Amino acid sequence: MESVTLPAPRHIDPFAVPSLRWGVIGTGWIAGYFVDALREHTGQRVSVVAARDAERTEAFAAAHGIERVLTPPEAVFDLADIDVVYIATPHASHRDLALRAIATGKHVLVEKPFAMTAAEAAEIAAASRAAGVLAMEAMWTRYLPQSDVLRQLIAEGELGDITQVVADFGSAASYDPASRLWDPAQGGGALLDIGVYPISFASSILGTPERVQASGLMTPDGIDLRATALLTSAGGAADAVVSTSLLAKTPASAMVVGTLSRVDVLPAFFAPSGLRLTRGEQSEEWIDDRFSQRYDALGYQATALASFVAEGRLESPLHPLDEVTAVLGTVERIRHQLTVTDVAF
Ligand SMILES: NC(=O)c1ccc[n+]([C@@H]2O[C@H](COP(=O)([O-])OP(=O)(O)OC[C@H]3O[C@@H](n4cnc5c(N)ncnc54)[C@H](OP(=O)(O)O)[C@@H]3O)[C@@H](O)[C@H]2O)c1
């Protein structure tokens, strides 16, 4: 039998794209990893960091080598020498901050989830298109080398007709009423925080599902605790099974099955990992071992964004805003089907 071969990932040279001037809003843990990845692995420049708490923002700037510090976050929008704003604050603040940034002519990279609802996402998309600036969700998985390999395999027909996608991301989050994860006002719950990864993965392969059948649990105040959904594509051509949880850790694996071959994205599929292509008894595996610290790979999305800006694009061709919006629509359809339960923590 013919042996199976994986294509090499295609990289954008991080120093062949414009060096944009970034304003960072938020000083939480993902902002720290993002800034470090930009400094160490891209040609992008972090010009300023802004958040509400002046002391914490100063400390963040000192720890991550940023010269300029501003409070409140909105002060970034008045700066003329910023090209793009990275929004790394809790979900519920994404819409307002993104709209403010766009209104002052700045491109935006918005942490996942892009917004709290599909309606909010559509509002940001409409505003960015009208203003002629680029808006992109920081769904970093899309910009990883393994995602490029997977796209090439699918484009070349290596998988045959795709019939099935499976992806999970669950974590065991201890109950903490002070955490945004457990606060309904801040978009708490598994779906918006980590469930968007498997749903977005399924969407990247199968598109927006025609049918969404879900099961899971939600607290009376609207915190989704776990959800499993069967997402069926147009005409029933293929199904995806996606799951998420705040109650239990799952492997974070992903699989795409076709009539000719199968691809397993190695755990954790949302971060740089690698993949295995299997056809019959043959298989080939590629491990992404470029970074020992997974969040160093956050730089790929920033380099991609700069390349899209250079091309005059207003959205990512790898992750269009209509798709970002549709994924949040799928989240809403899943949430509506969950069983409300009074869980004691
Ligand atoms: N891509 C990834 O792998 C990844 C990983 C983790 C998180 N995320 C996403 O990143 C976002 C932030 O998560 P995180 O865990 O980094 O959060 P975090 O550690 O709680 O940090 C949030 C930051 O936002 C600021 N902030 C809080 N509420 C705000 C508000 N209402 N308006 C403006 N600023 C506010 C806080 O500083 P001040 O209080 O000083 O303003 C803080 O610096 C979330 O949407 C999350 O889904 C992505």
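Predicted model: local features only at pLDDT ≥ 70, side-chain atom pairs only at ≥ 80, totals over all residues.
The ligand is surrounded by 23 residues, and the closest of them are Thr27, Arg52, Asp53, His91 and Lys112. For Thr89, the distance between a polar backbone atom and an oxygen atom of the ligand is 3.3 Å. On its own the ligand has 900 Å² of accessible area, and the protein covers 84% of this. The space that the ligand takes is the largest pocket, and the elements that give two or more residues to the shell around the ligand are helix H1, residues 29–41, and helix H6, residues 190–206.

Asp224 belongs to strand E9, which runs over residues 224–232. Is this residue, Asp224, buried or exposed? Asp224 has a relative accessible area of 1%, and it counts as buried because this value is under 20%. Its side chain reaches the backbone nitrogen of Ala190 at 2.9 Å, while a polar atom of the Asp224 side chain also lies 2.6 Å from the backbone nitrogen of Leu191. Leaving aside residues up to four places away in sequence, Asp224 touches several others, among them Gly188, Gly189, Met218 and Arg335.

Thr219 is placed in the loop between strand E8, residues 211–218, and E9. Its relative accessibility is 6%, so Thr219 is buried. Again not counting residues up to four places away in sequence, Thr219 touches Leu225, Val340, Thr341 and Phe345.

The last stop is the backbone itself. Most residues other than glycine have a negative phi, and most peptide bonds are trans. Against this background, Ala252 has a positive phi, near 60°, and Ala252 is located in the loop between strand E10 (239–245) and strand E11 (254–258). With a relative accessible area of 4%, Ala252 is buried.

Where do cis peptide bonds occur? One leads from Lys112 to Pro113, with omega near -10°, and Pro113 lies in the loop between strand E5 (107–110) and helix H4 (118–131). Lys112 is also among the closest residues around the ligand. Another cis peptide bond joins Pro267 and Ala268, where omega is about -5°, and Ala268 is found in the loop between strand E12 (262–265) and strand E13 (274–279).

Definitions and conventions: Residues numbered from 1 in each chain as written. Heavy atoms only, no water. Helix = DSSP H or I, 4+ residues; strand = E, 2+ residues; numbered from the N terminus. Buried < 20%, exposed > 50% of the residue type's maximum accessible area, 1.4 Å probe, protein only. Polar contact = N/O pair within 3.5 Å; in protein donor to acceptor, adjacent residues only side chain to side chain. Contact = heavy atoms within 4.5 Å. Near = heavy atom within 4 Å. Areas by Shrake-Rupley, 256 points an atom, 1.4 Å probe, with all protein chains shown as cover. 1 Å grid on protein atoms, 1.4 Å probe; cavity = no way out; pocket = protein on both sides within 12 Å on 5 of 7 lines; lining within 4 Å. Sits in = over half its atoms within 2 Å of the grid points.
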